[in-house]
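Student: I'm new to this structure and would like a close look at one part of it. Could you pick a spot on the inside and walk me through what surrounds it?

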Amino acid sequence: MSQRKYTNVTGKLKGKSSKEFMSSFSLPGMSQLSTSSEETFEALVHKSYKSNKSENITNGRNILNDEWLLNGPNGNKTPVLRFKCSALATPPEDPPAKQLHMTYKIFQTDTKLINLLLQSHGLVEVPMNETDFNVLWTGTHPKPDILRNLMPYQKINHFPRSYEITRKDRLYKNIEAMQRNKGFRNLDFIPQTFLLPTEARELISAHFRYRGPWIVKPKASSRGRGIYIVNNPEKILTDESVIVAQYINNPLLIDGHKCDLRLYVAITNYDPLLIYLYEEGLVRFATVKYDGGSQYIWNPCMHLCNYSINKFHVDYIKSEDPDAEDVGHKWTLSALLRHLRSMGQDTELLMQRIEDIIIKSILATASGIVNGLKQFVKHPETCFELFGFDILIDDTLKPWLLEVNLSPSLGCDSPLDVRLKSALIADLLTLVGIAAVDPILRSQNLNRAVINSNKKTNYRRVQSAEILPQGRKNINRNNKSKAGLSLEQQRIVASAKAQFERRGGFVRIFPSLKSWELYSQYLVYVLDPITGAPMISDPLGPRRLPQHINTNHNLMLHEQLFPAANHITDYIIPEIMLDRLSRYERYERALMKGHKQSLDRGNNKENLDVDMHKYKNQVMQLMQEGNKLSFGEARKAFGLYLGYILRKISQPNADPGSCDLVMKFLQHSSCSLRAPFLFTLPCNKLSDKDRAAITAKQLSDFLHLYNRETELYEDTIDRPRTVPNKLFQKFLIAASEQDLDDVLILQTRLYKCAHSFLGRSTFAGNLRGTNLLGSLPHITSRVHSNAVATEQCRCNNSINS
């Protein structure tokens with residue numbers, strides 16, 4: 001559909017700004033901070049805690065008055081960093097993290113937003129082999145050795161075994177197990193799912209009752225890779241292990257378009273369980289209007305809402321206004337809720353159901369993660385997690401859980417992405433509490449402390465000498481407090497209260513006022529039914545588990561945070577009413593903060609004063625003199641070239657001939673990758689622009705895998721008879737599509753093969769096309785992989801030999 005048509009049809013949504021929407025539909029006080037029952041109630045329950053905090057703040061000699069620091073639990077622990085979106089635009093001159101030489105590491109993940117946010121607050125990136133650091137942010141599951149060696153002041157953004165909820169097969173099997181234990185009716189929020197090939201017979205049997213359609217997904221994929229829909233299980237294209245789920249064919253439609261939700265859920269502890277839902281999320285729309293007919297089943301731009309799929313469609317509308325929350329094919333959660341409420345829908349009930357899905361799915365998958373924590377992690381508060389929950393809403397306003405993402409994308413391709421995700425990550429880093437300590441000095445002290453004691457209290461944050469408060473309160477040395485709590489329980493309660501004070505835009509959905517009443521039966525599934533303790537084996541051997549392991553921390557924490565829920569009946573009705581009001585305030589209020597500028601800081605081409613022609617001529621001259629491109633150089637050049645081709649076929653009025661060449665290339669490209677890659681030929685019934693979008697998406701998937709494998713060929717030194725790496729890097733920075741084409745064509749013609757950038761299973765011989773795009777089908781065709789003697793590959797020989 002055209003942008004003009006989209007704008008006309010949804011004019012009543014786009015005709016008002018976000019602020020006008022707020023004035024039209026807001027409840028009293030919605031634009032202000034939430035005054036929910038939980039927050040009001042916390043103000044009463046935490047009164048003594050806050051008064052203690054005030055006493056410390058009034059201490060004029062305490063550096064905690066710094067706007068970039070916050071008090072730790074009880075005000076007598078090491079302060080934690082406060083992160084703000086404003087630092088992206090105006091970084092502080094001498095922040096505490098810089099003074100303390102704080103560092104971070106990043107591994108295999110979207111890096112720009114994380115890098116800029118941490119660096120703007122004074123942290124410095126260090127290599128992966130560095131052991132003294134404050135934060136480790138990784139896009140993959142951390143290895144056990146990394147978890148075992150974490151110091152109490154360090155933070156890592158994953159729990160062990162979090163694949164129990166993020167792998168599609170494990171997620172469904174865990175929920176299915178709880179369904180058998182607690183009843184299907186209580187957990188009817190995930191489509192019926194089968195694992196192939198082991199459950200093929202059960203799938204066929206279910207198909208005779210349900211009659212499709214079915215959606216097929218790889219067990220461990222992301223960004224919509226490898227997903228397709230079939231009317232009949234017999235049409236499933238692979239014998240590999242996949243999951244097949246019932247397709248929800250009555251989705252909620254907005255202006256005829258299917259949509260789903262991306263919600264951000266933070267977990268800061270599993271024992272006791274602490275779950276936070278970010279008050280703002282994303283709504284992603286399919287580009288093509290929905291039609292449930294079987295003739296359109298092959299169109300992913302109609303049935304799938306992933307941004308990574310729809311962004312390649314020429315009709316995809318991307319808003320360039322960071323304040324426009326309901327324009328184009330990506331909205332905010334609050335904009336959708338306000339729209340639904342204007343249509344008379346019960347958005348409060350919808351959000352209650354969504355919270356219920358999040359909590360139950362986490363409880364169903366928690367047992368394995370708790371076991372992993374006890375086995376691999378010495379200091380549980382070093383781990384935290386940000387999950388991306390994908391929720392589909394059907395036309396009855398029932399939410400369905402589609403999947404949970406381990407490392408939700410932090411890519412910022414639009415101004416709205418930048419604004420929301422910058423606020424999200426700043427609030428997340430503040431919530432988890434990154435201790436303001438010098439990593440080198442603290443690691444030395446803590447190593448001695450860990451050796452000398454096995455007590456769990458050792459992982460309390462150690463104070464920095466530079467910011468130690470002058471006065472310290474008398475510490476109760478007894479094992480029990482006046483409330484009957486052990487030291488460990490006091491630490492847990494203090495930590496939970498301190499997190500709540502730092503929550504920012506996060507809503508704590510567990511524990512809450514009614515959580516024990518609603519979910520205690522599911523907690524028993526995770527805990528021992530007699531003692532309430534986690535069902536684990538002792539990784540330290542017999543008689544070495546701490547005595548407090550038999551304490552039900554979830555019940556204890558609930559009683560400490562919400563005593564009136566058990567003892568003061570007069571507060572129950574007002575709290576419930578205020579809690580209902582909170583959902584409108586927190587989930588429906590317009591996004592009020594976030595970075596509104598581009599994350600790009602300067603142009604590298606200008607900074608390096610690049611003369612593109614000079615570097616290109618030098619590279620080609622060296623190649624003609626007998627110097628070849630290394631495997632890493634050739635692969636980087638080819639990856640950039642494919643990026644240009646991807647943009648070319650994603651443009652309006654793209655050349656159908658270019659799309660056909662790319663499709664032929666992709667049909668044979670799987671032999672060029674180590675990882676499995678399955679190309680699906682777009683259906684001939686689709687329009688040219690739909691076929692182009694599907695082809696572009698699959699080229700993007702290929703390029704993603706290709707670039708990750710290119711990292712294995714990183715050039716650390718210059719090899720003999722190769723183009724110098726520094727020179728080639730300068731060429732790549734300024735290279736155009738034609739420049740890359742010329743260099744790769746020259747490499748291929750000189751050495752009569754494409755082995756340097758596409759592997760040994762591809763072409764060897766003379767090129768047939770005049771450019772690389774025209775030759776793509778030829779160089780990946782297996783027909784030409786065995787060259788005749790006169791056209792034998794010369795990539796292992798020098799040209800001048």
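**Around Tyr 270**

Tutor: Let's start with Tyr 270: leaving aside residues up to four places away in sequence, Tyr 270 touches Phe 159, Ile 362, Ala 366, Ile 369, Val 370, Leu 373 and Phe 387. Keep in mind that this is a predicted model.

Tyr 270 belongs to the largest nonpolar core, a set of 64 residues. Which of them touch the most other members? That group is Tyr 270 together with Leu 261, Ile 275, Ile 358, Ile 362, Phe 389 and Leu 401. So you've already met one of these partners, because Ile 362 is among the residues that Tyr 270 touches and, by definition, a nonpolar core is joined through side-chain atoms within 4.5 Å. As for who supplies the core, helix α16, which covers residues 347-376, gives the most, with 14 residues. Apart from this core lies another one, made of 51 residues, including Val 135, Leu 410, Leu 424 and Leu 431.

Next, a word on cysteines. Searching the whole structure turns up 0 disulfides. Take Cys 259: its nearest cysteine sulfur is that of Cys 305, 6.4 Å away, and Cys 259 is in no disulfide. To count as one, the two sulfur atoms would have to be within 2.5 Å. Both residues are tucked away from the surface: Cys 259 is buried, with a relative accessible area of 2%, and Cys 305 counts as buried too, at 3%.

How does this sit in the protein as a whole? Buried residues make up 56% of its 801 residues. There are 32 helices and 18 strands. If you take contacts between residues at least 6 apart in sequence, 73% of them join residues at least 24 apart.

Finally, how far does the predictor's confidence go? The mean pLDDT is 77, and 73% of the residues reach 70 or more. Confidence is highest in strand β16 (residues 385-393), at 97, and lowest in helix α3 (residues 18-25), at a mean of 36. Over residues 527-550 the pLDDT is below 50, and that stretch has 38 contacts in the model beyond near neighbours in sequence. Residues 603-609 also stay under 50, with 4 contacts beyond four places in sequence.

Key: Residues numbered from 1 in each chain as written. Predicted model: local features only at pLDDT ≥ 70, side-chain atom pairs only at ≥ 80, totals over all residues. Heavy atoms only, no water. pLDDT = per-residue confidence, 0-100. Helix = DSSP H or I, 4+ residues; strand = E, 2+ residues; numbered from the N terminus. Contact = heavy atoms within 4.5 Å. Buried < 20%, exposed > 50% of the residue type's maximum accessible area, 1.4 Å probe, protein only.
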